[in-house]
Amino acid sequence: MEPPVILGIESSCDDTAAAVVAGGALRSNVVASQRVHAGFGGVVPELASRAHQRLIVPVVEEALAEAGCTRADLTAVAVTYGPGLAGSLLVGLSFAKAFAFGLGRPLIGVNHLEGHLYSVFIEGPRPPRPYLCLVVSGGHTQLMLVEDGLRHTLLGKTRDDAAGEAFDKVAKLLGLGYPGGPVIDRLAQTGDPAFRAFPRTRLDGYDFSFSGLKTSVLYYLNRFDEAGRAALLERHRADIAAAFQQAVVDVLVEAVRRAVADTGVRHVAITGGVSANSGLRAAAEAAAAQDGFTLYVPPLAYCMDNAAMIAVAGHIKWEAGRTSPLTLTAEPALALS
Ligand code: KG4
Ligand code: ZN
């Protein structure tokens, strides 16, 4: 049998993306990051869905061309159907349904979080199952156990802000741009993480909470009047960024180490936008060396939202015979449990 050729489509937030995976190997990966949101300090849903409409056809065409394949070569069309912004999801999903229907090929609905779980299968060493996966992004922070047969168990998740959301909000407090994660990461490299001890919230089990940390940065800044705050930021912006980042990293790495000790599973993946963080990568590598587990972090391009991970998850679902009906609807609050 010919190896399956899967087109993956991702449009859950502000990235319009398409990728082709043939026989499980990535052949193309195209992401059009929308620039329309930059001046707003966050994603504007209405602008995002309009931009997806403009970009979806050229992005898919480019992914096919880059992969050197035609529509007729496709075995199936995989698409994110949730969670995400309703208007954004609808563009990718409606396009994928029409495309699959027109080609007479099956549709494969993919949970965006499944994409992040399997993003370690795009390139580089692949973890054997079962493995632990910490998904840390702008919308999600959850620790999962990934088993064979597309089974996953939720070990814990955030009860309030996602880790990436905390980065974005604290960046705003520090007068930095959006998205805040990469800016804080860069700034933190020149700061002193011991400048201030921001709180590390440790909950029962593996749940996380980052809103207290964010509020504590806010309260700290509010102790000063406007001139004092400006002076503080002038001198210590990098130190505050480093101290905040260290608190997030400590909480995440501590949970991972505990999960390894409790479950005995010695393969750990860290994925999602925040897995691009250099402090988190370094701390997780140090923990892996110390505790004797193997760490898998995707290359930077596959940490952020992308369609390669949707195509790879689509490939895994295809192999398991898991296709979806054309009646599939967008599910903005879709969970992965
Ligand atoms: O996975 P992703 O692209 O989208 C979601 O599914 O949410 O993650 C985006 C998030 C943003 O909050 C962004 O600030 C954060 O990932 N991020 C980072 C870094 N790069 C992106 N956070 C910390 N350090 C980074 N280097
Ligand atoms: Zn994501």
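Guide: Contact here means heavy atoms within 4.5 Å. The model is predicted, so local features need pLDDT of at least 70 and side-chain atom pairs pLDDT 80 or more, while totals for chains, interfaces and linings use all residues. Residues are numbered from 1 along each chain as its sequence is written, chains are lettered from A and ligands numbered from 1 in the order written, and side-chain values use heavy atoms, without hydrogens and water.

The domain assignment (automatic or from a database) gives domain 1 as 5-118 + 302-319 and domain 2 as 128-297. Taken over C-alpha atoms, their centres are 27 Å apart. At the interface, 13 residues of domain 1 are in contact with 19 residues of domain 2. The two domains bury about 1400 Å² between them, with 69% of that on carbon and sulfur atoms; this is accessible area (1.4 Å probe) lost on putting the two parts together, summed over both. On the domain 1 side, Leu117, Tyr118 and Cys303 lose the most area to domain 2, and together they make up 41% of what that side buries.

Next, the metal site. The zinc ion (ligand 2) is coordinated at 2.0 to 2.1 Å by NE2 of His112, NE2 of His116 and OD of Asp305; donors are N, O and S atoms within 2.8 Å of the metal (3.2 Å for Na, K and Ca), and sites may look incomplete without water. The spacing of these donor residues in sequence is H-x3-H-x188-D. Helices (H or I, at least four residues) and strands (E, at least two) are DSSP runs numbered from the N terminus.

The backbone has some details to check. Pro130, in the loop between α3 and β6, is joined to Arg129 by a cis peptide bond with omega about 5°. Another cis bond joins Gly82 and Pro83, with omega about -15°; Pro83 lies in the loop between β4 (76-82) and α2 (86-103). Leu150, in the loop between β7 and β8 (151-157), has a positive phi near 60° although it is not a glycine. Leu150 is also buried, with a relative accessible area of 7%.

Conventions
Buried means under 20% relative accessible area, exposed over 50%, partly exposed in between (1.4 Å probe, protein chains only).
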